[in-house]
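User: I'd like to learn how to read pockets and cavities. Please walk me through them.

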Amino acid sequence: MTVSLETTDNKLTVKAITYENYSTPLKIKDIDIPVEEGTIIKPNEILVQVKATSLNPVDCILKQFSNNYFGPKDKIIGGDFSGIVVKAGDKTNFKINDKIYGDILDLKSRGSFSNFIIFDPKKVWVCEKIPIGMSFEQAASLPCVSNTAFEGIKKYNGSLNGKNVLVLGAGTSVGCFGVQFAKHYFNALNVVATCSETSTKKTLNAGADLIIDYTKGEKYKIDKLLNFVKLNGKFDLILDCVRDESVIDHFDQILNSYNENGVFAQVSGSYVLDYKNIHYYNLLPSWKSIITTLKFKLGLTKYSFIPVWTCQDDEYGTAIAKLWSEKKLNIFIDSEYDAYIDFEDAFERVASCKAHGKVVLKF
Ligand SMILES: NC(=O)c1ccc[n+]([C@@H]2O[C@H](COP(=O)([O-])OP(=O)(O)OC[C@H]3O[C@@H](n4cnc5c(N)ncnc54)[C@H](OP(=O)(O)O)[C@@H]3O)[C@@H](O)[C@H]2O)c1
């Protein structure tokens, strides 16, 4: 693939989805990005033509909290992307025409919702080659959510072979990948998942052994969990993707203790699942989780309580490629939009938290 790129005064003009601060609307704008004279990229950087991106709640959250003090005036939104390497610095492990996916989310610099992006692959959360046969839309749906899910399941210290895992909020994209990693990569014996009836088929396809419909109320959920434990033993790992802390009060009955390696891993996110009107306090940990974490750090609880974030992990790309080649990776896409025409609809969709899979923008 040859792409002719015009640079003027050491600036590359890209067409991006931008905003200035929390009160300004998203706008399509031509943005001048400073580049290296002659080479465009530095030896440790790559230039990528973006083919697809996917939206995450964090994109809505960062936009909502953004002010004029940090980063460039015109901020490019987004983190997740897939695309084709157009230029590769000789200090990188990439070459021209490599098809890649990644997550370049950064509080201070420019995001991924743009026709071209430049970055240092070693400094971003995720940058991996797309496995053969995976579309750009599928690949763009992976980085943030599947990486977070992978890290969440890895919080279990030891092999999950023969163990019981509970995924709270398996209808979320993080939860759905969590089920798949637990069942197909880490070989858990039983994966129990909470989700609504709408997400049940998807979650069963992902590999869940038992579904509990959380919309039927707390008593229903806890009774079902207690019944599972009676038949199969306690959970070894609970991955919470929706800050459902109702289970904490029942840990004694459902979660193995710290001495038996029991872990409660909680994906860090907002306390409300409506990202249109989010506030700082929605991101604060609950009193229950602060107290439980403090007690854990002081050695006063019987359980490990571990927060989960996206993070760089050498094993992650290999795990994705393995599951994909074994045909054990389902990538659920809720909807696809034209990046430069329908981006507002796409943001509405993800902010509502009603998307059943990833919301994708095509560039
Ligand atoms: N810290 C990090 O690094 C990081 C990274 C990624 C994501 N996150 C956080 O993880 C969470 C999930 O993100 P996501 O992108 O995976 O979400 P998502 O795909 O947008 O989640 C949508 C799904 O959430 C489920 N849902 C809605 N309300 C619910 C409720 N009250 N209880 C349980 N499930 C509910 C729905 O499934 P049902 O049909 O089952 O209702 C819906 O399909 C967010 O809080 C996000 O901020 C954090």
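User: What volume does the second largest pocket have?

Analyst: A pocket is an open set of points on a 1 Å grid over the protein atoms alone, with protein on both sides within 12 Å along at least five of seven lines. A volume is the space filled by probe spheres set on the points, which are joined across faces, edges and corners. Here the second largest pocket holds about 620 Å³. It has 27 lining residues; E45, S109, R110, I118 and F119 are the closest to its centre. Lining residues have an atom within 4 Å of a point.

This is a predicted model: local features need pLDDT of at least 70, side-chain atom pairs count only at pLDDT 80 or more, and totals for chains, interfaces and linings use all residues. Residues are numbered from 1 along each chain as its sequence is written, and side-chain values use heavy atoms, without hydrogens and water.

User: Which strand gives the largest share of that pocket's lining?

Analyst: Strands are DSSP runs (E, at least two residues), and helices are runs of H or I, at least four, numbered from the N terminus. β8 gives the largest share, four residues. Both β3 (27–34) and β8 (116–119) supply at least two.

User: How many cavities of 30 Å³ or more are there?

Analyst: In a cavity, a 1.4 Å probe fits but cannot get out. The count is one. The largest cavity has about 40 Å³. Helix α4 (residues 173–185) gives the most to its lining, three residues.

User: Where does the largest cavity lie?

Analyst: Domain bounds come from an automatic or database domain assignment. The largest cavity lies between domain 1 (7–142 + 331–362) and domain 2 (145–308), because both give residues to its lining.
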